[in-house]
Amino acid sequence: MGAMKILLLHDLMPARPLRRQLANQCFLLQKYRPGTETVLHAAGDPVDDALRHGDFDAIVLDVSFLCWRWVKPRSMFEAFLRDYAWVPAHPAVKLAFPQDDYDHQAVLDEWLSSWRVDVVFSPLAHLATVLYPKTAQTGQIRPFLTGYVDDVDLAIAERGRLPIAERRLDLAYRARPLLPNFGELGRLKTRIAEVVAPAARQAGLVVDVSTDPADTIFGDGWLNFLGSARYVLGTPSGSSVIDAHGEIGAAIAAFTAAHPGASFDEITRACVPPEATRHRMEALSPRVFETALSGACQILVRGEYGPLEPDRHYIPLEPDFSNLEAVIARLGDHERAQRIADDCFTLVTTADELHYRHAADALERAVAERWLARGDTERAQRITARQPVSTAEVVERALCADIRGRQGLLGGLAGQLAGATTGDPIQISRFNELGLVVASRWQQLAGHARAETARAEAERDRTAILLQQLAAVEARVEGYENASIARLARMMAKRLLRRLGLR
């Protein structure tokens, strides 16, 4: 098994639930390359010599870490860069995973170029010369989706999907309004709701469509919502505006403060120069995968959806809504909708390039290739020396992994579970977080138990207390709302305890 060692720089906020795709992307190597040794460092945490001079194969700049380019005032960002001035000089291969590349585009390009990043994994790699003119001169810009299909996604999908005809909603959608920073492409997220929902209601359909942030649905409720609908609306992810240094966003904020009733078009005319709208930057959204796995039939504005084909994997809606009447007329054909939904489900669950295993392959390959180019064949071979593993093995190894320093795995997010053994609630909504964070907690408790047992027989009472605490954690998992996931986590907990000789 390969033993790649990486330093993951992130800025995942403590006590804030992770978006599902963010957690999956951030920890894809821990899950799909369980031999990987990962050191997590949250932005702003103390930096010691073990970080500055550690023998890492790669340093990963997570999407959350790269959000620092948006920090105001600018002096805070400059101080941040000074704190991490050691990163460019480190010999490790440097990988960056940006999203929303068009927002503060020039700032991001300058940052990655000055840090001599080897590979930028971007959903907009096809626009490398536009978005990364400096970084592309010394590094590579490679394609990477904003999210992929995860093993847990597949497990959830296998629980069963209601047939289209048996669902309670005809049409469903959630989105939040975007300012003109994202141009007409961003505006589509609300326009599709404003145009399609009234037409569907007029046709007598049962509609649950909202762009009110108060109606946002989290956790498993989101998947249940998608699974209750026959049709789900969608648009390409991305923007049609490049805001190089953030001036457009600042101008929009100032203009809307002075003119609170200004329309989208008025704001655009006043704040968005035409030269910033030359490119339409579309990306495939993870929401497309989630909807496909729910078994709903998607109505998508024509755009970039990777391998999905119009009329085969989704019902196409023209960007100007010129075919809206024809689309509404099709919504009564449940048999056709079922065929489209089934074809899309099959594609998403079987296409290797849409799975996180493919993403892990791409990352691992990039690191090995860079070391090979430097002449370090031994290191490159070690990185890629691995064997396929099953999902069960992945979960078990994640639970048993010894992360250096036991930093909580989420660099502070594990603080959510700091009181897990004293009765405080576990605020975890997805198994990726549950498995990784609770695993860290189990490791800490079990590690203490082992150490105490080794010291003296007299410490057995302490071990017994710790075992009670472990049981308390397991009891909380017992009540986890997703029974199948709780059962898997509980099984792995028992296996971990047996391996440690504690049960």
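**Exercise 1.** Which residues lie nearest the centre of the second largest pocket?

*Solution.* Start with the ground rules: this is a predicted model, where local features need pLDDT of at least 70, side-chain atom pairs count only at pLDDT 80 or more, and totals for chains, interfaces and linings use all residues. Residues are numbered from 1 along each chain as its sequence is written, and side-chain values use heavy atoms, with hydrogens and water left out.

Next, the term: on a 1 Å grid over the protein atoms alone, a pocket is an open set of points where a 1.4 Å probe fits, with protein on both sides within 12 Å along at least five of seven lines, and lining residues have an atom within 4 Å of a point. Now look at the 22 lining residues: Pro123, Pro143, Phe144, Leu145 and Tyr148 lie nearest the centre.

**Exercise 2.** Which helix gives the most to that lining?

*Solution.* Helices here are DSSP runs (H or I, at least four residues), numbered from the N terminus. Elements supplying at least two residues each include β6 (140-143) and α17 (356-373). The top giver is α17, with 3 residues.

**Exercise 3.** Which residues touch the most other members of the largest nonpolar core?

*Solution.* Such a core joins buried (under 20% relative accessible area, 1.4 Å probe, protein chains only) Ala, Val, Leu, Ile, Met, Phe, Trp, Tyr and Cys residues through side-chain atoms within 4.5 Å. Among its 46 residues, pick Leu171, Val196, Ile299 and Leu317. Then find the largest share: 8 residues from helix α10 (residues 183-202). Finally, spot the second, separate core of 39 residues, which includes Val71 and Phe80.

Key
Buried means under 20% relative accessible area, exposed over 50%, partly exposed in between (1.4 Å probe, protein chains only).
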